[in-house]
Amino acid sequence: MLNKRALPIPFDIRLHDLGEELSLPYQVNRALAWWIAAEIIRRHPEEVRVIETHPVGGQYDCVSLYRRDADDSLIAHMNLEGHIRHKPWFEGSGGEPDSPVIDPRFSWLEVLAAEDRRQNVIKALESVCGLTSPKKTPPTVTKSIGPRLIARFASALAFTSRTWHIRNAFHDSSGLCSGVNNWVRDMKGPRYETLERSTWTTSLPILVRA
């Protein structure tokens, strides 16, 4: 049973409710988040960027999508220990008051169980966030190859016992940038100096093994 809401996201009500009660492993959520990020950027390489964020003073652990515009407008926070919150959700444009499903957030179970993830998740996010779905997926370019490689890496790690982290060079628990992460400060030479001069908008995530 699909619930067509004010926002054009089709929810299976029973699956949505179950996703509110069950939690998937962190590594699985991370793989799904990076797949979404890679797909969105692959389809909109000149419009969208991805970074790691920790909103609300560091309370959340997110893979976040932003527009490449003057305001760095938010598209979605994908909380690895929570939900996918898109911009309309933050703006309060939720569902109908009498809707069986009031909260229009995706749970990770819904993403994992989607029969057609590109149709039910990617295109739905494009629709609610004002991104025009391309008629044909563009070829991989410089701006999209990094997220795609990280997504493949995250998928390969989803069911392994090794602990790897996918983290930004910048820390952002205070506003959008509160300085270079401590582990980066141990780096020497031109690479660190470049990071010191950079901003969070140019800080691509870096893979680090614990």
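Tutor: R118 is partly exposed, at 33% relative accessibility (buried means under 20% relative accessible area, exposed over 50%, partly exposed in between; 1.4 Å probe, protein chains only). This is a predicted model: local features need pLDDT of at least 70, side-chain atom pairs count only at pLDDT 80 or more, and totals for chains, interfaces and linings use all residues. Residues are numbered from 1 along each chain as its sequence is written, and side-chain values use heavy atoms, with hydrogens and water left out.

R118 forms a salt bridge with E39, and their closest N and O atoms are 3.0 Å apart. A salt bridge here is a side-chain nitrogen of Lys or Arg within 4 Å of a carboxyl oxygen of Asp or Glu. Because E39 sits in helix α2 and R118 in helix α6, the pair ties together parts 79 residues apart in sequence. Helices (H or I, at least four residues) are DSSP runs, numbered from the N terminus.

E39 also meets R42 in a salt bridge, at 3.6 Å from N to O. R42 and E39 are three residues apart in helix α2, so about one helical turn separates them. E39 is buried at 6% relative accessibility. R42 is partly exposed at 22%. Together, E39, R42 and R118 are linked in a network of salt bridges.

Now a separate pair. E126 forms a salt bridge with R43, with the closest N and O atoms 2.7 Å apart. This pair links distant parts of the chain: E126 is in helix α6 and R43 in helix α2, 83 residues apart. Both E126 and R43 are buried. By this rule, the count comes to six salt bridges.

Terms used:
Helices (H or I, at least four residues) and strands (E, at least two) are DSSP runs, numbered from the N terminus.
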